Amino acid sequence: MTLQTIADRVGVSRMTVSNAFSRPDQLSPTLRDRILAIADELGYVGPDPAARALARGTTGAVGILLTESLSGAFADEVATTFLGAIADELAPTGLGLTLLSTDTAGSVVPARDVAMDGALVYSCDPESTAVEWLLRRKMPLVFIDQVPADGVPAVNVADRDGARAAAEHLVGLGHRRIGIVTAGVRGRHGVVHPDDMIDGFVGSQRLAGWLDALTPAGITPAIARQPHGHPEAGYQAARLLLAADEPPTAILCFSDAMAQGVISAAVDAGLAVPEDLSVVGFDDSPGSARLRPPLTTVRQDIHAKGHAAAAALTQAIEAARADTPAPAEHLCLPTELIVRGSTAPPR
């Protein structure tokens, strides 16, 4: 079944049938309805998407590159909220969203081989070659939670400011034995020294913010680091810190998900939160206020980050289609410390 089959049945040109599917404003509503009715009767669903994309030079899809497995992304409240905000922003444009992993599957390299009009790079492994492939393709890109690069639009949050505020909060409560629970892709895991860590932009910024407050107070934190994306990362890291001869009275966490694991480990160790152990998260994920006790955390506006990233990408794609220079703004969204019931002065 082809466009010509429909054209012969209706008694119009092949181009008229094509316009009924792709340029409806070129036809009267009556004629278009008649063409679509005949197409439906004959079982024709429309022009082949691959052929249409080839003719237009566009795919109608944008990619989002993630370091973690795609299944792991769907298990993370922050990631799913972020992806939802991107989808909402893209909906009026008609662009679809394609999820890409930095992992390769045999000879297939998603960042190199998947057809798309542009891509979002979201908090990726700093040593991954996937970002390099996207840059080599010279397609419109937007970096999110990445080191800003010249000529590439970027959306970040004030991670260092937020982490500093969290650490200052614990110091102000009187804590002096403070631990840090974090995660990373590269470098050592377990109880580590900051020099042993190779983290992405967000991890480096948050560590710098915590140390901004702890170092002037004469506090050297114990740092426990687990593999990125591991579902038990917070729990296992907390067990390492709480097993020390002088365990921390407070723990700063890379994320709310890790903070939840820390609280579980504390309860299993017979400790009360916050009486025996104060815990601070990061992100203000949708479930953080529902924890018991409610979690003290650093809020980032996840919805605003997703909307800003998608808007920047659609703007870059439109500029590329018009062969005009695209703005490469670097947007940094604010963070805010939210004090709830999981922090208190040490006993």
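Residues are numbered from 1 along each chain as its sequence is written, and side-chain values use heavy atoms, with hydrogens and water left out. In this predicted model, local features need pLDDT of at least 70 and side-chain atom pairs count only at pLDDT 80 or more, while totals for chains, interfaces and linings use all residues.

The secondary structure of the chain consists of 13 helices and 15 strands; helices (H or I, at least four residues) and strands (E, at least two) are DSSP runs, numbered from the N terminus. Along the principal axes, the C-alpha atoms occupy a box of roughly 85 × 40 × 35 Å. Of the 347 residues in the chain, 47% are buried. Here buried means under 20% relative accessible area, exposed over 50%, and partly exposed in between, with a 1.4 Å probe and protein chains only. Among the contacts in the chain with a separation of 6 or more, 71% are between residues 24 or more positions apart, a contact being heavy atoms within 4.5 Å.

The largest pocket has a volume of about 1100 Å³. Its lining comprises 46 residues, and those closest to the centre are Asp76, His228, Phe254, Ser255 and Ala257. A pocket is defined on a 1 Å grid over the protein atoms alone, as an open set of points where a 1.4 Å probe fits, with protein on both sides within 12 Å along at least five of seven lines; lining residues have an atom within 4 Å of a point. Grid points are joined across faces, edges and corners, and the volume is the space filled by probe spheres set on the points. At least two lining residues come from each of helix H6 (77-90), strand S6 (178-184), helix H10 (201-214), helix H11 (233-242) and helix H12 (256-268). H12 contributes the most, with five residues. By class, 18 residues of the lining are nonpolar, 17 polar and eleven charged. In this division Ala, Val, Leu, Ile, Met, Phe, Trp, Tyr, Cys and Pro count as nonpolar, Asp, Glu, Lys and Arg as charged, and the others, Gly among them, as polar.

Helix H11 is largely enclosed by the rest of the structure, because seven of its ten residues are buried. These are Ala233, Gly234, Tyr235, Ala237, Ala238, Leu241 and Leu242. The elements that cover them include S6, strand S10 (222-227), strand S11 (250-253) and H12.

Arg206 is found in helix H10 and is buried, with a relative accessible area of 3%. Beyond residues up to four places away in sequence, Arg206 touches Asp159, Ala163, Phe254, Phe282, Asp283 and Gln300. Arg206 also lies over the face of Phe282, at 3.7 Å from the ring centre. A charge sits over a ring if NZ of Lys or CZ of Arg is within 6 Å of the ring centre and within 35 degrees of the ring normal.

Leu141 belongs to strand S4 (residues 141-144) and counts as buried because its relative accessibility is 6%. Apart from neighbours within four places in sequence, Leu141 is in contact with Ala119, Leu134, Leu135, Val152, Pro153 and Leu313. Between Leu141 and Ala154, 13 residues apart in sequence, the C-alpha to C-alpha distance is 8.8 Å.

Most residues other than glycine have a negative phi, and most peptide bonds are trans. A cis peptide bond joins Val273 and Pro274, with omega about 15°; Pro274 lies in the loop between H12 and strand S12 (278-280). Another cis peptide bond, between Arg292 and Pro293, has omega about 0°, and Pro293 is in the loop between S12 and strand S13 (297-300). Asp283 is also placed in the loop between S12 and S13. Although not a glycine, Asp283 has a positive phi, near 120°, and at 7% relative accessibility Asp283 counts as buried. Lys138, likewise not a glycine, has a positive phi of about 55°. Lys138 lies in the loop between helix H8 (130-136) and S4 and counts as exposed, at 72% relative accessibility.
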